[in-house]
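Please look over the sequence and the model below before reading on. The text after them goes from the whole chain to single residues.

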2 protein chains.
Amino acid sequence: MPTKIVDQILLFGDSITQGAWEEGGFAQRLAYVYARKLDVINRGLSGYNSEWAMPVFEQIFPKKGADGPKVKLLTIWLGANDACLDPSPQRLPLDRCISNLKQMISMVQSPNSEYYSPETRIILITPPPFSEAARRENLAARDPPIALDRTSENTMKYADAVIELGKQLNVPVLDVYTPIWEATDNGDTKKLETYLYDGLHLSKEGYTVVYDLLIRTIETKFPELHYDALPMDFPGWKDLDWANPRASIN
Amino acid sequence: MPTKIVDQILLFGDSITQGAWEEGGFAQRLAYVYARKLDVINRGLSGYNSEWAMPVFEQIFPKKGADGPKVKLLTIWLGANDACLDPSPQRLPLDRCISNLKQMISMVQSPNSEYYSPETRIILITPPPFSEAARRENLAARDPPIALDRTSENTMKYADAVIELGKQLNVPVLDVYTPIWEATDNGDTKKLETYLYDGLHLSKEGYTVVYDLLIRTIETKFPELHYDALPMDFPGWKDLDWANPRASIN
């Protein structure tokens with residue numbers, strides 16, 4: 001009997017992805033609804049920009065034709081750190097960020113790529129808004145204090161460019177920026193506290209926006225991957241051949 | 001560059017394991033603390049007893065010498081359904097339940113087994129208490145109504161036998177039964193509501209008992225597998241060679 005292979009949802013990104021196993025995080029909620037359907041694999045890397053993430057992506061995305069689980073859905077959520085300002089080492093120019101994202105998508109979608117995976121559906125996620133006021137306060141309290149390392153204006157440019165890239169490549173984009181920006185009256189400091197627990201990282205409410213949009217994106221763009229459309233691994237217990245379970249488990 | 005392999009924590013069991021991706025469930029909390037260290041894989045099968053789970057285990061546990069991730073930690077949490085009463089089809093005699101658990105452990109630990117995996121640490125988990133009153137009410141409300149399908153007395157026998165098996169095989173046992181039983185004044189109906197949301201399945205508070213005991217068991221029995229003892233996959237961003245990240249990501 002060969003070992004059962006369970007395909008995957010791969011979440012690739014920075015700290016906002018790494019933290020998605022929190023209670024109410026989008027990894028946790030995906031894992032719950034995709035139980036016995038797809039495994040959720042979190043490859044979030046705190047602090048990474050898209051340039052640093054690239055060699056990681058080369059190592060974690062399965063090679064073409066490899067045995068083992070297939071990535072059925074890949075979320076790429078980068079740019080929040082790229083959008084830092086000088087002198088932050090995390091800063092990466094916008095065109096470089098976008099070309100990295102484009103390269104990752106190409107690695108998966110190009111028939112000539114050693115990572116070619118035609119069964120992988122990709123969703124890009126934009127950087128979310130952050131709170132300049134809360135972030136300034138957080139950084140000022142460090143030892144030594146650090147000056148504000150990003151602006152809403154700059155992060156918004158990265159978010160817009162991710163949306164543009166998705167249009168250009170016909171890859172669905174989950175725009176986290178706009179709904180949170182609008183729900184907080186264009187980034188009101190007090191209102192942003194609901195969505196960002198430290199000014200930068202998403203709270204449960206922030207992740208709820210992401211999760212809801214992600215499920216809606218799957219529903220509309222890749223309905224065959226919606227959890228309700230996928231068969232369950234192994235029969236429900238009432239459908240088993242109780243006296244001879246081996247006969248019903250293949 | 002070979003594909004990066006991330007080893008696993010494999011959670012095997014019934015619905016109480018399957019539901020562990022809930023907010024505050026022990027899968028979610030493990031995934032959070034083991035991020036970038038071990039992947040948490042949930043193979044919980046709602047309603048299954050140990051007899052039905054056996055052919056599943058044969059399919060999901062990796063074969064000896066197989067490529068791919070190793071199971072570093074395996075939790076086996078079965079028996080709650082075996083402890084049903086006649087005429088429930090889930091019922092399985094105690095000796096049969098224990099021999100199944102023993103067989104699963106032997107599959108992993110016996111050098112002659114095709115599943116032999118000396119690097120896998122195993123933790124057995126006992127069935128938790130349940131609420132006879134809440135369960136009776138839940139089953140009576142079904143169409144057609146179902147008579148109470150288990151008793152605390154019988155479930156406790158299965159829990160005790162799992163503890164005994166662990167002693168016999170020198171496999172650590174996470175006894176969920178006793179602490180919840182004692183915290184509820186020996187199964188007080190009202191107090192059990194805190195730990196069991198429907199009389200049978202664990203609430204967040206119930207999973208908290210499991211998670212805390214599990215981490216303590218890892219700490220004392222397999223300290224090398226505690227999340228604080230494991231290196232993080234890929235360097236922290238401050239430790240990267242920023243200008244040449246490929247040099248620091250291997």
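This is a predicted model: local features need pLDDT of at least 70, side-chain atom pairs count only at pLDDT 80 or more; totals for chains, interfaces and linings use all residues.

Residues are numbered from 1 along each chain as its sequence is written, chains are lettered from A and ligands numbered from 1 in the order in which they are written, and side-chain values use heavy atoms, with hydrogens and water left out.

Start with chain A as a whole. Its secondary structure comes to 10 helices and 5 strands. Helices (H or I, at least four residues) and strands (E, at least two) are DSSP runs, numbered from the N terminus. Along its principal axes, the C-alpha trace of chain A spans about 65 × 40 × 35 Å.

How much of chain A is buried? Buried residues make up 55% of its 250 residues. Buried means under 20% relative accessible area, exposed means over 50%, and partly exposed lies in between (1.4 Å probe, protein chains only). Chain A exposes about 10500 Å², and carbon and sulfur atoms supply 49% of that area. Accessible areas come from the Shrake-Rupley method with a 1.4 Å probe; for residues, only the protein chains shown count as cover. Of the contacts in chain A with a separation of 6 or more, 73% are between residues 24 or more positions apart. A contact means heavy atoms within 4.5 Å.

Next comes the sheet. In chain A, 5 strands form an open sheet in the order β2-β1-β3-β4-β5, with parallel pairing. Because β2 and β5 of chain A stand at the edges, each with a single partner strand, one side of each has no neighbour in the sheet. Two strands pair if DSSP finds at least two bridges between them.

The pairs can be followed through the sheet. Strand β1 (residues 8-13) of chain A is joined to β3(A) by 6 bridges, and A:I9 stands opposite A:L73. Between β3(A) and β4(A) there are 4 bridges, and A:I76 has A:L124 as its bridge partner. A:L124 also stands opposite A:V173 in β5(A); 2 bridges join β4(A) to β5 (residues 173-174) of chain A. Strand β4 (residues 121-125) of chain A is mostly covered, with 4 of its 5 residues buried. Together, β3(A), α4(A) and β4(A) make a right-handed β-α-β unit. Right-handed means that, with the strands pointing away from the viewer, the path from the first strand over the helix to the second runs clockwise.

Strand β3(B) pairs with β4 (residues 121-125) of chain B over 4 bridges, where B:I76 stands opposite B:L124. Because 6 of its 7 residues are buried, β3(B) is largely enclosed by the rest of the structure. A right-handed β-α-β unit is made by β3(B), α4(B) and β4(B).

Now turn to the nonpolar cores. In soluble globular proteins, nonpolar side chains tend to be buried together. A nonpolar core is a set of buried Ala, Val, Leu, Ile, Met, Phe, Trp, Tyr and Cys residues joined through side-chain atoms within 4.5 Å. Which residues have the most contacts inside the largest core? They are A:F26, A:L30, B:F26 and B:L30, in a core of 75 residues. Helix α9 (residues 204-221) of chain B gives the most to this core, with 8 residues. Apart from it lies another core of 72 residues, including A:C97, A:L240, B:W52 and B:V108.

Last come the backbone sites. Most residues other than glycine have a negative phi, and most peptide bonds are trans. A:R36 has a positive phi near 65° and is buried, with a relative accessible area of 10%. A cis peptide bond joins A:D86 and A:P87, with omega about 5°. A:P87 lies in the loop between β3 (71-77) and α4 (94-109) of chain A. The bond from B:D86 to B:P87 is cis, with omega near 5°.
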